[in-house]
Amino acid sequence: MKTILYFSYGSNMSTPRLTHRAPSARAITGARLHGHRLMFHKKSSDNSGKCDIQHTNNDMDFVYGVVFEITVTEKAGLDRIEGVGIGYDEKNVAVHTHQGEILNVVTYYAINIDPELKPYEWYKEHIVRGACEHGLPAEYVNTITAIESMPDPDTSRHERELSIYRQHVQGRK
């Protein structure tokens, strides 16, 4: 089956979250994308801010993330979930792995932004869990943790979003 390399820098860094959306997803390596910075300004249908990689043209700016291999057919499904053409679009980028390799990967970037938005707490937790899971630098994780977030007024959505971690742990028993 044909696969692609996908660079995740947001909530899809969390393997339980991504494999819920694309079961074939397999983490390959941590990586860094230069000339971009992590923002939480992508407009979402739930009125919160989601992640974006804002292009800065400054090589000193970078975003850490995880390279996953997923099947092409599941990538099409992930495109629908991510709202390609509505909230995100995709682009090919070169990332630097922790091993010093350069990989050409596909990633998403926001096309509908609002700089006033903040992420929900559960969304930020997906990102922090994914960053820790894949051993991204502690300083970078601390930067994400320090991002101001807000409680989701829909408490059932909050519970539903984070329930995948309980299911993941139960599935390993």
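Colleague: Hi! Which residue in β5 is the bridge partner of H34?
Modeller: That partner is F62. Strands here, like helices, are DSSP runs numbered from the N terminus (a strand is E, at least two residues; a helix is H or I, at least four).

Colleague: Good to know. What kind of model is this?
Modeller: This is a predicted model, where local features need pLDDT of at least 70, side-chain atom pairs count only at pLDDT 80 or more, and totals for chains, interfaces and linings use all residues. Residues are numbered from 1 along each chain as its sequence is written, and side-chain values use heavy atoms, leaving out hydrogens and water.

Colleague: Back to β5, how many bridges does β2 share with it?
Modeller: β2 (residues 26–34) pairs with β5 over 8 bridges, in the antiparallel sense. Pairing means that DSSP finds at least two bridges between the two strands.

Colleague: And how many bridges join β1 to β5?
Modeller: There are 6, and β1 (residues 3–8) runs antiparallel to β5. In that pairing, F7 stands opposite V67.

Colleague: How many of the residues in β5 are buried?
Modeller: In β5 (residues 62–71), 8 of the 10 residues are buried. Buried is under 20% relative accessible area, exposed is over 50%, and partly exposed lies in between (1.4 Å probe, protein chains only).

Colleague: New topic: where is N47?
Modeller: N47 is in the loop between β3 (36–43) and β4 (49–55). Its phi is positive, near 70 degrees, and N47 is not a glycine.

Colleague: Is N47 buried or exposed?
Modeller: Exposed, with a relative accessible area of 61%.

Colleague: What about N57, where does that one lie?
Modeller: N57 lies in the loop between β4 and β5. N57 has a positive phi of about 70 degrees without being a glycine, and is exposed at 68% relative accessible area.
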